[in-house]
Amino acid sequence: MLQHTPQGELFPEALSQAIKEKFYWVDEDYTGTKRLFFENAGGSFTLKQAEQDYVHMERIGDCPERTSKTADYLNSVIDKGINDVRCMLNAKGGSVITMLTASQVIYEMTRVAAENLPGKNIVTTALEHPSAYDSAKYYAEKTNREFRVAKTNPETGGVDVDEVVGLVDEDTCFLSVIYASNISGSILDIEQIVAKARAKKPDLYIIVDAVQHVPHGLVDLQKTPVDAINFAPYKFCGLRGLGVGWVSDRFASLPHHKLAAKPAGEWELGSPAPAQYAGVSAIVDHVCWIGEQFEKKNMRREAFALGMEKIAQHERALMQHLLEGTPELPGLRHMDGVEVFLDYPDLSTRDFIVACAIKGLECAEAVEKYAEMDVTVYERVASSLYSKRMLDSFGLEGTLRISPFHCHTVEDVDQFLRITAELIKKQK
Ligand SMILES: Cc1ncc(COP(=O)(O)O)c(C=O)c1O
């Protein structure tokens, strides 16, 4: 099976170029300056089609909640977007939630779980983004529950299955766990976590923050049947101003904010925004299109799954190249002036993020030096509220985060390696 090839597989060259063409400002920024943007864990490239479909829909000012032909059209776009959220996650039934950000979505899901489910403790991990961690802590305190936090594994940058499962018991109100870390890239074994945690408490409610993982790997809720999950289209070729969640039927029917006369499982509150749904469908179209370059599929989910598998393979091959390089152009693992953190040979359990440091340079200084050479990377440092807890748990003061995207090529990675070698030379 493809996903077991640790070093991945690049897209054919013509496809790689065609993919690049589908995005705005990959090789040059909006001012026309040449650049390498390796900061896609903070906000990804935008698909031209997502923006164009969004603008087209926003030009139509009509209300979808009418009986006109235009309203029918707007509703068909909304329905397609909702089905496409299900397609991305392989979700059956349940309800889709949209808010301005993924953080708002997980706060809301956490609030509803804490306020309505019985239990004496809430379990999460030290690897969570603050939106999941802080909301779980806040509602644990507010509802008088014990707050239990699973430790990270400082070797892998992840959290081991047994660390999480060990904290779950019959009295667990819910488990909130991240799918993959936006700092280390490590992918948690959610399938095992769900299976083992439910072996201990069969009706356990599970909330998953999938913001980092959804753009880089396939989520399949039929294999990982959690109750609530979120993602952010702007991290996945889409547009800012939208956080998306999906909740299972049993979670959807828990008491929550809604207009009283609406059906029990309705989670949307107020006027829907067809343009946002059109933006989501453009992402799904893009991934399906990639899948179909390899094999025609009858079902949209099958094409999407194949597209995601190919994206994961391409990103893994680029990560292998970034780490290993060639005899002429050594990769990060082999450069004297670079220290790679949280690194291990099997890349199949990592999203495309490399955490590293340039020896002798503070992370923030290194980011500036890269910027002077028209390369965008980001530092994750312990002084940031977005990184401190996770870095402390790994015993690291800070890292550079290198996060390219599936529209990048081997040439882009080579260019990054050459610039890194130059930067190190200047240091000496
Ligand atoms: C793993 C993870 N979860 C949640 C979020 C929050 O997303 P947003 O800023 O859209 O609310 C982020 C954003 O960086 C993230 O990386």
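1. What share of the 428 residues in the chain is buried? Buried residues account for 51% of them, where buried means 20 or more other C-beta atoms, placed from the backbone, within 10 Å of the residue's own.

2. The model is predicted: local features need pLDDT of at least 70 and side-chain atom pairs count only at pLDDT 80 or more, while totals for chains, interfaces and linings use all residues. Residue numbers start from 1 along each chain as its sequence is written.

3. The chain holds 13 helices and 13 strands, taken as DSSP runs (helices H or I, at least four residues; strands E, at least two) numbered from the N terminus. Its radius of gyration, over C-alpha atoms, is 22 Å, close to the 22 Å from the globule rule for 428 residues, so the chain is as compact as a globular protein of that length. The rule is 2.2 Å times the number of residues to the power 0.38. The C-alpha trace spans about 70 × 50 × 40 Å along its principal axes.

4. Of the contacts (C-beta atoms, placed from the backbone, within 7 Å) between residues at least 6 apart in sequence, 70% join residues at least 24 apart.

5. Gly94 sits in the loop between α3 (69–89) and β2 (95–99). Gly94 is buried, because 23 other C-beta atoms lie within 10 Å. Beyond neighbours within four places in sequence, Gly94 contacts Trp246, Val247, Ser248, Asp249 and Ala252. Gly265 lies 171 residues from Gly94 in sequence, yet the C-alpha to C-alpha distance is 7.6 Å.

6. Residues surrounding the ligand include His129, Asn182, Asp209 and Gln212, where a residue counts if its C-beta atom, placed from the backbone, lies within 6 Å.

Conventions:
A residue is buried if 20 or more other C-beta atoms lie within 10 Å of its own, exposed if 12 or fewer, and partly exposed in between; C-beta atoms are placed from the backbone. Two residues are in contact if their C-beta atoms, placed from the backbone, lie within 7 Å.
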